[in-house]
Amino acid sequence: MGSKKDREQRLLLLLSKRQDYVTAEELAAFLGLSQKTVYRLIKKINGDSAEGDVIASEKGRGYKLNYEQYIGQKNVVPAQRSQYSPTERRNRVTEELLLSAPQAKNVYNLFEEYFVGDSVIFSDEQLIAEQLQPYDLKLERKKRTLAVLGKEGNIRRAIADLIQMHDIIDINDLKHNQELNFNRYDVLFILDQIKIIEHQLETTIPYPYNVNIFSHLYILISRLRKVGKLSTADLSSLTKKEKEEMQQDAALYQVAQAAIANVENYLHDSLPEAEVYYLYQYLTSSRTQRAISKVTKFSSEVATITQAYLDGMSERLNIPIKGESIFLDLANHIKPMLNRLEHQIRVKNSLLNQIKMTYEEIFTYVAEVSDEVCQEFHLPAVNEDENGFITLYFARIIETNQLPIRTVIMCTTGLGTSELLKVKVEKKFPELEIVDVIASRDSQHFLDKYPGVDLILSTIQLKEELPLHFLLVSAMFTPDDQHRLQRKIEEIYDER
């Protein structure tokens, strides 16, 4: 995702978290941009919308997200475009080079549909070469051709990371999405294979693991179509350890064998046994949705690492994180994650930016614990995508284990209007525990009686400050009061 697109998404995510108007100055400060850049982003976002402004503005108040418009727009499948941004152009050229590797491709054939000159082509070459370096791949130019050189495993990892399909949440969109440069017949064949795998395992492979398996098979088929028989050393044969590894789960091994046999029939070509091993690892690295599929016994390594995450996050969040169900749920994620780390299988997290913004503190803590765990247990580094998935586990724990907010309602007399306010508040906000209704004259003494109070809701302004949260509301508890109270509740929960 380009930096401009990333800024647009961050702006929309920020506005989606705020129920009221936000000034351009506040947006600029939060995003680390100038106000002029914020104005341009908003203008572009609204200009790209065919159904009206996504971001509403009001003089003197700022900007507010039209949430229904935003959600509706996210669900629209975009029409095919005839123009590509520089980043999209480079990604498509890189994909073509990787799928064809190590075969050389004519430079001008690669770039002719983009109508760019030699200087742009030269610049793209430099950027593509830099993009391939982390995968230990080399971009080689000979005369008028380009080729990617390197091990087959590294080529496939690069394709898996760079290919466009990972942003699709519903795998069935692959049948209809015209943005993706895919072979329709290959798409339908692979989707059928995933259905067969799910049927044989009597389970469902959820997102994003189904997309990962799809991309693995699509890369395999595409490579064979473009390159033919892959005879590289790293595909030639399996080691004794790898063969023994596949015998650990006979059901998955048989399913992987059957799927690769179907690919051989589809392509009318034979494949090395290593392809069964690769698919087996992708299946092992995936979670499934089935009542009996949740494992309750784990290796000592999985159990120890899971507990390390629970202890590390409990310490940082300053809350007890215990219980068998919590342990089992996280362990069932950690087990396939460790397999992914060992075999360099990356699961892309399309919600990563939203997770990082919505649960910023939790994500930061998870990243810290991951670094400690990797160092202590000598594991490969846990990437941001994996940290994002783990963050959701702890966010859910916090959301489902929040203690009620102990609240005192206060007014002039403690009677009449405050009792009415109590009824309204209890009806609208069940997460508040109303411990008492008191008169303002008792404001100095109620803390002795209720030392654990979190919030005071008052119909009058207090002269003295109290060491807890305070919110002034009207006795009629208007919609504006309700919005303000909702924000106060979120503030209290964030502090916890």
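The largest nonpolar core of this predicted model comprises 38 residues, and those with the most contacts inside it are Ile190, Ile213, Val263, Leu279 and Leu283. Such a core is a set of buried Ala, Val, Leu, Ile, Met, Phe, Trp, Tyr and Cys residues joined through side-chain atoms within 4.5 Å, where buried means under 20% relative accessible area with a 1.4 Å probe, protein chains only. Two or more residues each come from α9 (184-201), α10, α13 and α14 (274-284). A second, separate core of 31 residues includes Leu341, Tyr365, Leu379 and Ala395.

Helices α10 (residues 209-227) and α13 (residues 250-267) pack at about 35 degrees, with their axes, fitted to C-alpha atoms, 12 Å apart. Their crossing is right-handed. On the α10 side the contact is made by Leu217, Leu220, Ile221, Leu224 and Arg225, and on the α13 side by Ile260, Val263, Tyr266 and Leu267. By class, eight of these residues are nonpolar, none polar and one charged.

Turning to helix α5 (residues 86-100), its 15 residues reach 21 Å from first C-alpha to last, close to the 21 Å expected at 1.5 Å a residue. Among its buried residues are Arg89, Arg90, Arg92, Glu95 and Leu98.

Residues are numbered from 1 along each chain as its sequence is written, and side-chain values use heavy atoms, leaving out hydrogens and water. Because the model is predicted, local features need pLDDT of at least 70 and side-chain atom pairs count only at pLDDT 80 or more, whereas totals for chains, interfaces and linings use all residues.

How values were computed. Axes are lines fitted to C-alpha atoms, for helices over the stretch in contact, and angles run from 0 to 180 degrees between N-to-C directions. Helices (H or I, at least four residues) and strands (E, at least two) are DSSP runs, numbered from the N terminus. A crossing is left-handed if the near helix is turned anticlockwise from the far one by less than a right angle, and right-handed if clockwise. Contact means heavy atoms within 4.5 Å. Ala, Val, Leu, Ile, Met, Phe, Trp, Tyr, Cys and Pro count as nonpolar, Asp, Glu, Lys and Arg as charged, and the others, Gly among them, as polar. Buried means under 20% relative accessible area, exposed over 50%, partly exposed in between (1.4 Å probe, protein chains only). The expected span of a helix is 1.5 Å times one less than its number of residues.
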